[in-house]
Amino acid sequence: MSHLSDLLRERPLVQAPMAGGASTPDLVDAVVRAGGTGFLAAGYLEPGRVEEQVAQVRGRGVTAFGVNVFVPGPAGDPAAVAAYGGELAAEAHRYGVEPGGPVHDDDAWDAKVDLLERLGVPVVSFTFGCPDGNVLRRLQEAGSAVVVTVTSLDEALLATARGADGLCAQGVEAGGHRAAFDPERGGELPTVELVSAVAAAVEVPVIGAGGIMTGGDAAAVLHAGAAAVQLGTAFLRCPESGAQPAHKLALADPGFTGTALTRAFTGRPARGLVNRFITEHPAAPHAYPELHHMTRPLRAAAARAGDTGGMALWAGEGFRLATDEPAATVVRRLRREAEQAGARL
């Protein structure tokens, strides 16, 4: 735990792991060079690609970084998944592609845990659940600090009981996927309230995440008891981010007026800009990653066409404050604003 505590004391600004391409080695490198902590996202990537990205980051001399892994969950209801497949027929026709198959896989879970044990990266974080204590111990013995992302006090207590070195407390304002262990009963607390409750109940460092866009936001979360703050949407428009160009433009488009939680794209609740796809598919079932695989060709076709109406435009509630400045400039600005608000970042 001291290894993680020391890292977060020195580098309390954490760049969130954003699966799907946004978290690049370039972004991690830029954030770390500016004094933050960077994260790669192993979600959806082949293990070999994860290994390449870790090698790229280490090849640049970066040491203050972590890798995030998705924890597999139960399969969805086949009848509900089949019904949703029928609902996607019009989308498929619109883009001239076929939906993907409703595959329930574990995102190469065992291979990724084995890989990270071998690589011994500084931090490994988990989303969508808490692995059993054996997995945590294997990674800890390999030299990694283990962080579990939580959305409720119950999840926080379970993760610490299993031996997590730290927690990332994700408030409901956060962009992208909700980290809830059970997506049907995940926590819905705002970030400051969640951090306050979790930090008061556990002995390990807590990283606050969700809707943090300014140094003032960061200061409020630190004052609530967080050891560090994690930001994703604030970095999405940066040149180092690997987000789709149309996604970056949408974050600054006045035509997008808000965000919503949706299961329409992946079968797990996730926050994104309200667009046509979210509006037209309000009753998608809880079935991850089946829906992710089904909608993937549709989302890819929409991205190729630059059609933001059919893309998953993940974004936190404060998306309007995201800028296209270099990541290092964003880090410096956040630090300055936090100091003005009476906190050290």
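**Checking the labels**

Reply: Glycine 225, with a positive phi near 120°, follows helix 10. Helices here are DSSP runs of H or I with at least four residues, strands are E runs with at least two, and both are numbered from the N terminus. Keep in mind that this is a predicted model: local features need pLDDT of at least 70, side-chain atom pairs count only at pLDDT 80 or more, and totals for chains, interfaces and linings use all residues. Residues are numbered from 1 along each chain as its sequence is written, and side-chain values use heavy atoms, with hydrogens and water left out.

Me: Why is aspartate 107 called buried?

Reply: Buried means under 20% relative accessible area, exposed over 50%, and partly exposed in between (1.4 Å probe, protein chains only). Aspartate 107 has 19%, so it counts as buried. It lies in the loop between helix 5 (89-95) and helix 6 (109-119), with a positive phi of about 55° although it is not a glycine.

Me: And what makes phenylalanine 128 buried?

Reply: Its relative accessibility is 3%, so phenylalanine 128 gets that label too. Phenylalanine 128 sits in the loop between strand 4 (123-127) and helix 7 (133-141).

Me: How do you know that the buried residues of helix 10 are on the same side?

Reply: Gly215, Ala218, Ala219, Val221 and Leu222 are buried in helix 10 (residues 215-223). They cover an arc of only 165° around the axis, so they are on the same side of helix 10. That arc is taken from the directions from the helix axis to the C-beta atoms.
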